[in-house]
Amino acid sequence: MLSRVTGFTRYIGDEIHFAAHAGMSLEDAMAGPVMLAVFFEVPDERADEFERWYIDEHLPMLLRSPLWRAGRIFQIVDADPRPFTHMILHYIDNMSVLNGPEVEASRATEWRNGLAAEDWFTPHIVHYDRRGKRYHKGEAAAKTFKLPF
């Protein structure tokens, strides 16, 4: 059936890390109204540092916002159509959190800026809005917000 579907995207990954506000379960986080999917193509020799930065610095800074529910980091083991190496799913209450002080602070660290200066540090970001039990690709223009990556 999938051979006849156009615009299909499939990613299979191993979850590396999950972090949320204290006491918030994955189920609670996934009930949030907005999900951001962030994809990176990280060179093998930079993967350990990238993952340490995301887990030890970046995600904890974003989670300081009460509107940032959780983040999940995956190492992609199979992808179609593009060979991304990492996918991060962020569950947030609304897109306005992207203009908050936590995002601003997360973009201003020495560690983040060192990684961002490298050619491969170009995230592909997709915004999804929750509708019922599923997420659907959102219409909000990402250019309106200061993305935290």
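Strands (E, at least two residues) and helices (H or I, at least four) are DSSP runs, numbered from the N terminus.

The model is predicted: local features need pLDDT of at least 70, side-chain atom pairs count only at pLDDT 80 or more, and totals for chains, interfaces and linings use all residues. Residues are numbered from 1 along each chain as its sequence is written, and side-chain values use heavy atoms, with hydrogens and water left out. The pLDDT is the predictor's confidence in each residue, from 0 to 100. Its mean over the protein chain is 85. Of the residues, 81% reach 70 or more. Among the elements, helix α2 (residues 47-62) has the highest mean pLDDT, 97. Strand β6 (residues 134-137) has the lowest, 62. Where pLDDT is low, the predicted coordinates should not be read in detail.

Strand β2 pairs with β4 in the antiparallel sense, over 7 bridges. Two strands count as paired if DSSP finds at least two bridges between them. Val-38 has Ile-88 of β4 as its bridge partner. Ile-88 also touches Leu-36, Ala-37, Phe-40, Phe-50, Tyr-54, Arg-72 and Ile-73, leaving aside residues up to four places away in sequence. Contact here means heavy atoms within 4.5 Å.

Ile-88 also belongs to the largest nonpolar core, which has 24 residues. A nonpolar core is a set of buried Ala, Val, Leu, Ile, Met, Phe, Trp, Tyr and Cys residues joined through side-chain atoms within 4.5 Å. The residues with the most contacts inside this core are Phe-40, Phe-50, Tyr-54, Trp-68, Ile-88, Ile-92 and Phe-121. At least two residues of the core come from each of β2, α2, β3 and β4. Helix α2 gives the most, with 6 residues. In soluble globular proteins, nonpolar side chains tend to be buried together.

Aromatic rings were examined next. The structure holds 9 aromatic pairs. Rings of Phe, Tyr and Trp (its six-membered ring) pair if their centres lie within 6.5 Å; planes under 30 degrees apart count as stacked, over 60 as edge-to-face and the rest as tilted. The rings of Phe-50 and Trp-120 have centres 5.9 Å apart and planes at 80°, so this pair is edge-to-face. Phe-50 lies in helix α2 and Trp-120 in the loop between α4 and β5, so the pair ties together parts 70 residues apart in sequence. Both residues are buried. Trp-53 and Tyr-54 have ring centres 5.0 Å apart and planes at 80°, so they too are edge-to-face. Trp-53 and Tyr-54 are also buried. One aromatic cluster holds Phe-40, Phe-50, Trp-53, Tyr-54, Trp-120 and Phe-121.

Side chains of opposite charge can pair when their charged atoms come close. The whole structure has 4 salt bridges, each a side-chain nitrogen of Lys or Arg within 4 Å of a carboxyl oxygen of Asp or Glu. One joins Glu-15 to Arg-72, with the closest N and O atoms 3.1 Å apart. Glu-15 sits in strand β1 (residues 10-20) and Arg-72 in strand β3 (residues 68-80), 57 residues apart. Glu-15 is partly exposed, at 39% relative accessible area, whereas Arg-72 is buried, at 12%.

Glu-118 and Arg-46 form another salt bridge, 2.5 Å from N to O. Glu-118 is in the loop between α4 (110-116) and β5 (124-131) and Arg-46 in the loop between β2 (34-40) and α2, so the pair ties together parts 72 residues apart in sequence. Glu-118 is partly exposed, at 23%. Arg-46 is partly exposed as well, at 21%. Arg-46, Glu-49 and Glu-118 are linked in a network of salt bridges.

Asp-93 forms a salt bridge with Arg-69, with closest N and O atoms 2.5 Å apart. Asp-93 lies in the loop between β4 (86-92) and α3 (101-106), and Arg-69 in strand β3, 24 residues apart. Asp-93 is partly exposed, at 23%, and Arg-69 is buried, at 19%.

Key:
Buried means under 20% relative accessible area, exposed over 50%, partly exposed in between (1.4 Å probe, protein chains only).
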